[in-house]
Amino acid sequence: MQWNAFIEQQTLINLAIVTGTSLILYLVLASALRLISNRFAAKASRSSTRVYHFAAQMLKHTSRILILAFSILMALKLVDLGPRWQSTMEHGWFIALAFQVALWLDMGVRMWTESLTRDGKTRNPVTTTLFGIMIRILIWTMMLLSILANLGVNITAMVASLGVGGIAIALAVQTLLSDIFASMSIGIDKPFEIGDFVVFDDVAGNIEHIGLKTTRIRSLSGEQIVCGNSQLLSRVLHNYKRMNTRRIVFKFGISYDTPTAKVAEVSAMVQRVIDQVEKTNFDRAHFLSFSKSQLTFEVVHIVQTSDYNQYMDIQQEINLGLLEGMRELDVRFAFPRRSVEFAGGELPEIAVAGVPARATERNDADTFGN
């Protein structure tokens with residue numbers, strides 16, 4: 001009985017030692033983390049770099065439960081628990097440390113993605129968020145596998161089975177995954193960004209939203225066009241937002257009865273008109289070809305802006321100048337017309353309502369004469 005009493009008394013003493021030491025260590029660790037966090041926050045306020053800010057926030061979000069677990073594990077070293085408990089404590093140390101490191105890294109990744117999105121440093125917040133989620137999944141997966149390996153679990157077979165299952169899932173959702181990876185490609189390569197004006201096939205509009213699976217385009221006519229990311233990347237896409245200049249080629253025609261000297265003056269007149277217009281540079285104007293009903297001129301000028309409305313204003317000013325210049329030269333624009341010639345120079349005999357054509361012509365002539 002005395003031996004049992006001694007054992008119970010020793011157990012109570014060990015329990016008291018562990019409890020008291022755990023509380024003291026908990027308070028010390030919590031105070032130390034708070035002090036270090038405040039120091040980092042003070043440095044962050046005086047520095048332009050975000051490293052101190054991230055470190056301060058990560059330490060502030062240290063798990064109180066894990067601090068208590070660390071305190072209990074350290075206090076247990078003061079008592080003799082036997083070799084079996086020593087092995088359990090070693091596993092406990094690793095599990096608690098792995099959880100805490102994963103929490104710190106998870107918090108760091110979340111703050112990094114939020115800062116990029118909030119400060120406008122990324123034009124594709126969906127892709128940035130997707131990268132953040134993937135990194136966080138990787139962190140927690142590595143943490144789980146390391147804990148299982150520390151506990152003696154054969155993770156090689158587990159990873160192999162997960163690989164087979166992953167292949168089956170990938171085959172089932174391959175369309176979704178192709179769009180997600182296309183979204184990642186858009187975020188990395190940046191062929192277009194939100195706000196860009198793009199044209200492909202019969203679609204023309206501004207990029208309004210880039211999602212995980214689809215990209216939404218606001219067309220010129222007002223409706224929203226939704227296109228899968230993988231389908232969008234497979235097309236030849238024209239991004240006019242990144243166009244610095246526009247090379248404009250247009251044609252016009254003058255009538256065949258224009259004298260040769262005035263035909264030669266048309267090119268110089270076109271150059272004078274374009275030189276007077278702002279935000280465009282004259283390139284060339286040539287008498288190009290003999291068309292069916294006109295003498296065709298081809299004009300090239302370089303517009304120094306990517307804005308479509310400004311280009312149309314410039315082209316309108318050039319067209320008005322050409323109208324005025326052609327009137328000054330007394331040169332007529334060509335319009336389609338067709339001349340019909342009859343063999344022998346006389347109209348054929350055509351009866352109109354039983355009256356010969358020649359008689360009809362005489363009546364018309366008499367009528368006009370009167």
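M269 touches L322, G325, M326 and L329, leaving out residues up to four places away in sequence. Contact here means heavy atoms within 4.5 Å.

Buried means under 20% relative accessible area, exposed over 50%, and partly exposed in between (1.4 Å probe, protein chains only). In soluble globular proteins, nonpolar side chains tend to be buried together.

The model is predicted: local features need pLDDT of at least 70, side-chain atom pairs count only at pLDDT 80 or more, and totals for chains, interfaces and linings use all residues. Residues are numbered from 1 along each chain as its sequence is written, and side-chain values use heavy atoms, with hydrogens and water left out.

**Whole protein**

The secondary structure comes to eleven helices and eight strands. Helices (H or I, at least four residues) and strands (E, at least two) are DSSP runs, numbered from the N terminus. Of the 370 residues, 29% count as buried. The protein exposes about 24100 Å², and carbon and sulfur atoms supply 61% of it. Areas come from the Shrake-Rupley method with a 1.4 Å probe; for residues, only the protein chains shown count as cover. Among contacts with a separation of 6 or more, 62% join residues 24 or more positions apart.

Five strands form an open sheet in the order 4-3-2-1-5, with antiparallel pairing. Its edge strands are strand 4 (224-228) and strand 5 (238-239), each pairing on one side only. Two strands pair if DSSP finds at least two bridges between them. Strand 1 (residues 197-200) pairs with strand 5 over two bridges, and V198 stands opposite N239 in strand 5. Strand 3 (residues 214-219) pairs with strand 4 over five bridges. There, R218 stands opposite Q224 in strand 4. The hairpin of strand 3 and strand 4 has four residues between the strands. In this hairpin, G222 takes a positive phi near 110 degrees.

| Residue | Relative accessibility | Class |
|---|---|---|
| S255 | 7% | buried |
| L25 | 22% | partly exposed |
| L97 | 46% | partly exposed |

S255 lies in the loop between strand 6 and helix 9. Leaving aside neighbours within four places in sequence, S255 is in contact with L295, R332, F333 and A334.

L25 sits in helix 1 (residues 2-46). Beyond four places in sequence, L25 touches S71, M74 and A75. L25 and F70 are 45 residues apart in sequence and 8.5 Å apart in space, C-alpha to C-alpha.

L97 lies in helix 4 (residues 83-118). With V101 and L105, L97 forms a nonpolar surface patch of about 240 Å² of accessible area together. Patches are made of residues with over 30% relative accessible area and no salt bridge; like charges are joined within 9 Å, nonpolar side chains (Val, Leu, Ile, Met, Phe, Trp, Tyr) within 5 Å. A salt bridge is a side-chain nitrogen of Lys or Arg within 4 Å of a carboxyl oxygen of Asp or Glu.
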